[in-house]
Number of protein chains: 2
Amino acid sequence: MPDDLTIVRRGPINVAAEMNAGLCVKCEARHVGLCDALGDDDLHFLAGVARRASAARGQIFITEGDPAKQFFNINHGTAKLYKDLPDGRRQIIGFVSTGDFVGLAAEKIFGFTAEALEPIQYCRFDRTELRGVFGRFPIIERRLLDVASHELVIAQEQMLLLGRKTALERVATFLDGWRSRATACAAPNAAPNAALDLPMSRSELADYLGITIETVSRALATLRKQGVVSIGSDHRIAILKPARLAAISQAAE
Amino acid sequence: MPDDLTIVRRGPINVAAEMNAGLCVKCEARHVGLCDALGDDDLHFLAGVARRASAARGQIFITEGDPAKQFFNINHGTAKLYKDLPDGRRQIIGFVSTGDFVGLAAEKIFGFTAEALEPIQYCRFDRTELRGVFGRFPIIERRLLDVASHELVIAQEQMLLLGRKTALERVATFLDGWRSRATACAAPNAAPNAALDLPMSRSELADYLGITIETVSRALATLRKQGVVSIGSDHRIAILKPARLAAISQAAE
DNA sequence: CGGCTATTTGAGTCTAGTCAAAGCCTGTGG
DNA sequence: CCACAGGCTTTGACTAGACTCAAATAGCCG
């Protein structure tokens with residue numbers, strides 16, 4: 001887990017802050033998630049406790065059961081968070097992308113594993129140091145509470161999906177959600193019906209939706225036959241009938 | 001939704017605070033959850049923005065889709081939180097009891113409905129007013145963040161259950177979890193293997209575990225035949241082999 | 001182009017769901 | 001105190017949606 005920066009901390013925060021000064025301001029995630037809460041000037045203090053790092057595809061940067069000494073903020077790329085049962089069954093509890101904060105849902109130890117789906121860049125924060133920042137910028141704590149609340153809402157939606165939706169509804173719900181996520185991040189002038197880029201495999205989709213890869217494949221085939229989606233290569237899917245997709249996902253009609 | 005206290009607020013917080021003065025200090029939930037974060041003196045400020053209320057069995061006190069203008073804290077009793085699909089399928093996303101805080105997982109509107117399983121008492125907080133309290137007692141905000149983090153961990157465990165566990169494992173996991181919840185709340189001298197009191201019906205259990213009432217019943221019958229539990233009346237279950245129950249719930253062996 | 005892996009499709013099985021009936025508590029009223 | 005009505009729970013028989021195993025196909029990368 002190599003850091004791009006190796007910083008030996010000897011003095012108070014400002015030593016590191018100077019070295020990191022421009023990093024946060026120029027960060028790709030500057031205006032999403034946590035970092036958007038601070039002004040450019042204040043951001044320097046956050047930079048002081050941030051450690052930039054990257055991970056290759058397939059690399060694990062949080063391991064379930066390890067002491068939860070850090071928080072993470074994704075600057076670029078997508079990762080999966082998952083929990084395993086002893087016999088190998090796996091549940092992916094979420095995908096995190098640019099701007100997402102990881103590690104809130106942890107007590108003494110991490111309750112999940114995090115693995116990069118593609119090459120990613122992220123910031124690592126020492127929990128103790130970040131608590132110090134809280135004192136100076138209460139707005140960060142406020143923002144973290146908002147982030148946690150939002151994640152709870154997402155988690156509750158996912159419980160409804162996993163507990164009560166059919167395979168077809170699950171796949172439709174995922175595609176609809178991923179579509180809105182993509183359009184929210186896209187440039188305003190982007191084509192509304194452009195093909196989605198799915199960084200995850202069918203296997204990962206299955207582990208996220210609580211079904212098998214074969215069932216994912218069959219559900220996608222059904223949606224394709226109904227003209228709801230068009231499947232280019234395996235990781236590119238275009239939504240042809242967004243309204244129909246949303247209707248299926250909400251079990252309407 | 002009748003309030004036990006009808007308070008007309010004319011001046012600043014201290015007017016209500018005086019009327020509520022003893023309420024929080026004597027509250028059954030005084031030393032659990034949110035309220036335990038404050039000292040007796042500081043608690044008066046919290047009392048100033050709290051409205052006590054009660055709900056009868058079956059009464060709904062939060063409706064999915066309504067504007068989320070309040071937070072709630074359960075002082076006594078148990079309630080279920082659930083989400084419905086248009087065709088009637090229901091997913092219970094959690095049970096809340098004495099000391100639990102409700103309403104963090106809400107953005108503009110509530111994403112779930114809350115209904116009392118038995119007669120309950122609770123405190124209602126105006127979100128705007130509580131935000132004011134945050135400024136004075138940052139520790140409350142810190143505590144709320146802890147609460148939200150813990151709920152996220154619980155939610156992630158439940159996602160694993162709903163996505164990947166068998167019916168038997170789900171029921172075992174629930175019983176094991178309810179047991180530890182009960183022993184955590186019980187007096188230290190309580191019998192360790194006393195029968196559990198389950199305030200929810202088989203139907204509610206099924207909606208929580210993502211299965212049907214028949215499947216719940218069959219799973220309980222299996223556990224009974226294996227000597228793991230003993231079922232008294234429908235709402236009283238004794239755990240005879242806690243270790244075996246835990247093993248089944250974790251899919252170990 | 002060829003090998004490798006991921007995905008799709010097919011056939012059969014199984015877990016859990018559905019429908020139905022019987023049993024059992026609970027609470028009420030005579 | 002007991003009988004009875006009603007709802008909740010259990011059990012049984014059958015069905016269905018998703019899983020497993022297996023084979024064919026399609027992308028992807030060198």
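This note goes through the predicted model point by point, from its two chains down to a single residue.

1. Basis. This is a predicted model in which local features need pLDDT of at least 70 and side-chain atom pairs count only at pLDDT 80 or more, while totals for chains, interfaces and linings use all residues. Residues are numbered from 1 along each chain as its sequence is written, chains are lettered from A and ligands numbered from 1 in the order in which they are written, and side-chain values use heavy atoms, with hydrogens and water left out.

2. The two copies. Chain B is superposed on chain A by a rotation of 180° with 0.0 Å of shift along the axis, at an RMSD of 0.0 Å (least squares on the C-alpha atoms of residues with pLDDT of at least 70 in both). The copies are thus related as by a two-fold rotation axis. They meet through the same surface, because 100% of the interface residues of chain B are also interface residues in chain A.

3. Domains of chain A. Chain A is divided into domain 1 (13-157) and domain 2 (166-249), with bounds from an automatic or database domain assignment. Their centres, taken over C-alpha atoms, are separated by 26 Å. Domain 1 of chain A gives 13 residues to the contact and domain 2 of chain A gives nine residues, where contact means heavy atoms within 4.5 Å.

4. Area between the domains. About 910 Å² is buried between domain 1 and domain 2 of chain A, and carbon and sulfur atoms give 56% of this. Buried area is the accessible area (1.4 Å probe) that two parts lose on being put together, summed over both. On the side of domain 1 of chain A, Ile92(A), Phe95(A) and Leu117(A) lose the most area to domain 2, together 52% of what that side buries.

5. A helix pair in chain A. Helices H5 (residues 167-185) and H6 (residues 202-209) of chain A have axes that come within 11 Å and cross at roughly 110°. H5(A) and H6(A) are therefore roughly perpendicular to each other (65 to 115 degrees; under 35 counts as roughly parallel, over 145 as roughly antiparallel and the rest as oblique). Helices here are DSSP runs (H or I, at least four residues), numbered from the N terminus. Axes are lines fitted to C-alpha atoms over the stretch in contact, and angles run from 0 to 180 degrees between N-to-C directions. From H5(A), Arg170(A), Val171(A) and Phe174(A) meet Leu205(A), Tyr208(A) and Leu209(A) of H6(A).

6. One residue. Thr173(A) is placed in helix H5 of chain A. Leaving out residues up to four places away in sequence, Thr173(A) touches Leu161(A), Lys165(A) and Ser249(A).

Notes. Helices (H or I, at least four residues) and strands (E, at least two) are DSSP runs, numbered from the N terminus.
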